[in-house]
Amino acid sequence: MRIAGRGFNRCAPLVTFTFDGQSYTGRAGDTLAAALLANDVRHVARSFKYHRPRGMLTAGSEEPNALVTVGYGAAQDPNIRATTLEIYDGLTARSQNAWPSLKHDAMAVNDLLSPFLSAGFYYKTFMWPKSFWEKLYEPIIRHAAGLGALSGETNQDTYEKAFAHCDVLIIGAGPAGIMAALTVARAGADVILADEGMAGGGRLLSETYDVNGRPCEKWAADQLTTLSNMENVRIMTRTTVTGAYDQGTFAALENIVLGNPEAPKECFWRIASQRSILCAGALERPIAFPNNDRPGIMLASAVRAYLNRWGVAPGQTVTIFANNDDAHRTALDLIDAGVTVAGVIDSRAGALALGDYPMFAGGQVIATKGRLGLSTITVLDCNGTHDIQTDCLAMSGGWNPTVHLTCHMNARPTWSEDILSFVPIDGAIPKMLVAGAARGVFSTLGCLAEGIAVANNTLRELGLIESQIDIPTAENSTYHIEPLWQVDGKGRKWLDFQNDVHVKDIVLAVQENFRTVEHMKRYTTQGMATDQGKNSNVVALAVLADATGCGIPETGTTTFRPPYVPVAIAAMGAGSQGHGFAPERHTTSHKATLDRGAPMMEARLWYRPSYFPKPGETTWLETCNREVAMVRNHVGICDVSTLGKIDIQGPDAGAFLDFIYCNTFSTLRENRVRYGLMLREDGHVMDDGTTARLGLNNYIMTTTTVAAGQVMTHLEWVSQALRPDLLVRFASVTEQWAQFAVAGPKSRDLLNSVLDTTIDDENWPFMSCGSIDVAGVQGRLFRISFSGEHAYEIAVPSRFGASLFRLLTAQAEAMDGGLYGMEALNVLRIEKGFITHGEIHGRVTANDIGFGRMVNQKKDCIGNAMSQRLGLLDINREQLVGLKPVEKTGRLTAGAHLFIEGEAAVSENDQGYVTSVCYSPTFGHDLALAFLKDGLKRHGNRVLLVDHLRDVQTWCEVCHPVFLDQKGELSRG
Amino acid sequence: MRLPCPLCGDRDRREFYYQGHALMLERPLRDAGDAAWDNYLHNRDNPAGETRDLWHHEAGCGAWIVVTRNTVTHEVLDAILVEKARV
């Protein structure tokens, strides 16, 4: 019910929304919870386990009950807290966890079955028969469990993530946070003031007293305006700081106003700060009395917030049940607004009424009635029991400082007997100070004063001059509280409203010897719901302490972990879905390649063509076979720009390479290329490639595509850490040069048709390199071959890559040649026995691949010492061999293992494994590269290839890994 | 987590690649023997407390640095270029 003339948004425009299909009107600035209460809708949810009717318990982000689903289809978002969701025109919200309707929920039968569903019931039931678990029990439980539901469609909403930096991060813009921000900002520090509310102010937005002679919400608005006009202050509203991490890093979730389809929904922030001040305030806690969960029973502070901030009375006849002074304010504000207060039940025997309302000092609420909403309470006091008709009970068991962030780095809070709650310890988070209610200071004046004092401490730590700021005048009442955690009486006394945990569950846990707080939590699921037990944990601890006979300080708390509020994975991973999952690297021929219909494959971040289908070709193999034959008989073009290219310069460049590679490069002549093998320090092969000497002090190294980054990091390591004595500098130039392989018997003729000066075999022998000009552009030519054919690689600056690719393709096609992709490239290299990372997979040595003699023993290099370990020189190691099927049609598969005739195909008898296979159109059968125990000596032997996964068994002949042209006459000729 | 790169200043740890203990700087001579090389490559303490690790500012300036930090408190105490950390 809306109260005329009340609420800070009383003049705001009207907004229309729906809840469970019914249309309602609210005011801009209302939360869904406020707008529903204004329309007298108080039953909004069904509980998780027992499907009990529930209403709003709080008015903030700690809400356990009022969770709703917003939107439909792909945009459906479950478990949105109605207490923080701002309404907008067109909002469609639905209750969840109820079928067929909120009012008549079939699963409410669980509530009747509750004696059988106590804590831990699923540990004790569903045990037999064993086979029923997977087929029957688990599907039923999974169907019944869960809060809300996802649509199953891909979420089309956009999310963002961002970084922010500041000198001082202030968390919470209540009285302490505002004063801290003013103090720090006036000293010139860069400030971020973050608050989870739609406007700063904190509790000041829900109270009616004055600060500095102004109504407190107006005073807060004035200060925030002042702050927002300062250049060094950034106010982030709707932004919840969710976690505290190392070195002043904080995570924060910004809710961007809903209802704008153009805007992202949420933004996940990482905030790096020099110092931080936690002014997160405090949360009120409930009292455990019988059936304390009916719609209409809420926290006293929430009743006050709905009344003062939104002008909504949550009931017509309100009662209050408390153990402290603070809750009496609720009674005074209600009376001021003209709402009937039917009684204040204060458990403290000596409590006095602060206004004109019926007072039940020393009383307790021992029972409640009302199926879908509160109608009656029963009060027990020294005069006996009284029934009171009431549709709203405001309860307060005291206040808990919001210590969560102070515990994110392993600190535990300490118990304070003064406020009967936990307070943060000093130094819990490095460079963070805590001020105000978050530290257990509950008067407004105390919070204002602390904000200034703590901010000045922060300024001192930063070496800045303190600000002289007057403390505003404000209420300074003392907080009086006496312990009251649970009330005796029949019926369930709810603690964790979201996970349906009640007092008896805790007692049961203790009976079954789950006595420590962490055991109790897991046994009962207390505090394990999406609200993380913000309201209920302290009360549950007190109940546990009572049941075990240990005190609360000895019982301690469970671990507070980030995030403080639920964070969508979509927000944390914003931008990383689909194409954003990983960067894509495209070659200069990418577009031309796609235009020719080539399917792409990924090589790390690069995209490379698998094959170039021609009209009429129906399978990849058909295309691949054609491309292989084309290179063997005519000429083929392939973009090889993705290989890593590192430009190495300096007088010690040769010496540096001698230390990096196991073979020698300082002796390489200028304009010559050499194959190099790089080891890891443990003696295994790291990478291979060709390195060319372009000038006296200038080399260009090529790496494999996949190891380019690893090799660059390795070179940085060796040069900075191990050999800073060498005068050498290097840079990755992979993206600066477009490079194309021109391979096949006609490759020289093709090049001569495009180069400005023709080349011949005498001046350009195998493994030579140098400058060339192509159409007036200076480039580089390398006579190297990865196909075994007479071949070259031609490189030009990347900006000319696309046009050179076009030119080479056109010339090749005029000579019966054309483009070839990765499939053909792979066949060509297997036929020639060239290795890739399929073979040098991290566990092989130079010996294993037949290159043992490349490890020059006249010099030191990375990996030299360890490559000579006995274990790595063992002749029984697996060595690289070739495999051919004995029957021409025999199938070879990669990953298959090798066995000897007559031995069972089990791992004990394993002789080796297959690393690469292809169908060779040149030979007309499959070929494979494999590692075989003592393989060098077994050429000509027969082994059985067994692939248990693909159900393949093939007799193979072991042979030299180079199948084609072992003497290298084709590439040299 | 943030690391103070000696060249770039405080940076988010996502810019860095982690390598391991700074013992890797003390490379044995080639003929130091299997035991010395085995220690160099494989044997590491796992201290609860101060440790010196190697980090590479891979997504930044490319510097390899030695970071002294506390594995219990996560405190970062110092960061210097590897060249200056060599004994």
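Mentor: Start with Gln76(A), whose side chain makes a polar contact with the side chain of Arg94(A) at 3.5 Å. Keep in mind that this is a predicted model. Where does Gln76(A) sit? Its place is in the loop between β5 (67-70) and β6 (77-81) of chain A. Is Gln76(A) buried or exposed? Its relative accessibility is 15%, and buried means under 20%, so Gln76(A) counts as buried.

Next, turn to another loop residue, Asn535(A). Asn535(A) lies between α11 (517-524) and α12 (537-548) of chain A. Asn535(A) is buried, with a relative accessible area of 2%. Which backbone atom does the side chain of Asn535(A) reach? The side chain reaches the backbone oxygen of Glu284(A), at 3.3 Å. Set aside neighbours within four places in sequence. The contacts of Asn535(A) then include Leu57(A), Thr58(A), Glu62(A) and Pro64(A). Glu284(A), Arg285(A) and Pro286(A) are also in contact with Asn535(A).

Now the backbone. Most residues other than glycine have a negative phi, and most peptide bonds are trans. Here are some exceptions.

Asn291(A) is not a glycine, yet has a positive phi of about 50°. Asn291(A) lies in the loop between β16 (282-284) and β17 (297-299) of chain A. At 17% relative accessibility, Asn291(A) counts as buried. Asp40(A) also has a positive phi, near 60°, and is a residue other than glycine. Look for Asp40(A) in the loop between α1 (32-38) and β3 (45-46) of chain A. Is Asp40(A) buried or exposed? Asp40(A) counts as exposed, at 56% relative accessibility.

Two peptide bonds deserve a look as well. The bond joining Trp99(A) and Pro100(A) is cis, with omega about 5°. Pro100(A) has its place in the loop between β7 (91-94) and α2 (109-112) of chain A. The bond from Pro562(A) to Pro563(A) is cis too, with omega near 0°. Pro563(A) is found in the loop between α13 (552-555) and α14 (569-572) of chain A.

Finish with helices. Two packed helices are described by the angle between their axes and the distance between the axes. Take helix α10 (residues 503-511) of chain A and α11(A). Their axes come within 9 Å and cross at roughly 120°. α10(A) and α11(A) are therefore oblique to each other. The crossing is right-handed. From α10(A), the contact uses Asp505(A), Ile506(A), Leu508(A) and Ala509(A). From α11(A), the contact uses Met520(A), Tyr523(A) and Thr524(A). These residues divide into five nonpolar, one polar and one charged.

Another pair is α19 (residues 747-754) and α20 (residues 801-814) of chain A. They pack at about 125°, with axes 10 Å apart. α19(A) and α20(A) are therefore oblique to each other. Their crossing is right-handed. Leu750(A), Ser753(A) and Val754(A) of α19(A) meet Leu807(A), Leu808(A), Gln811(A) and Ala812(A) of α20(A). This contact has five nonpolar residues, two polar and no charged.

Notes. Residues are numbered from 1 along each chain as its sequence is written. Chains are lettered from A and ligands numbered from 1 in the order in which they are written. This is a predicted model: local features need pLDDT of at least 70, side-chain atom pairs count only at pLDDT 80 or more; totals for chains, interfaces and linings use all residues. Side-chain values use heavy atoms; hydrogens and water are left out. Axes are lines fitted to C-alpha atoms, for helices over the stretch in contact, and angles run from 0 to 180 degrees between N-to-C directions. Helices (H or I, at least four residues) and strands (E, at least two) are DSSP runs, numbered from the N terminus. Angles under 35 degrees count as roughly parallel, over 145 as roughly antiparallel, 65 to 115 as roughly perpendicular and the rest as oblique. A crossing is left-handed if the near helix is turned anticlockwise from the far one by less than a right angle, and right-handed if clockwise. Contact means heavy atoms within 4.5 Å. Ala, Val, Leu, Ile, Met, Phe, Trp, Tyr, Cys and Pro count as nonpolar, Asp, Glu, Lys and Arg as charged, and the others, Gly among them, as polar. Buried means under 20% relative accessible area, exposed over 50%, partly exposed in between (1.4 Å probe, protein chains only). A polar contact is a pair of N or O atoms within 3.5 Å; within protein, one must be able to donate a hydrogen and the other to accept it, and residues adjacent in sequence count only if both atoms are side-chain atoms.
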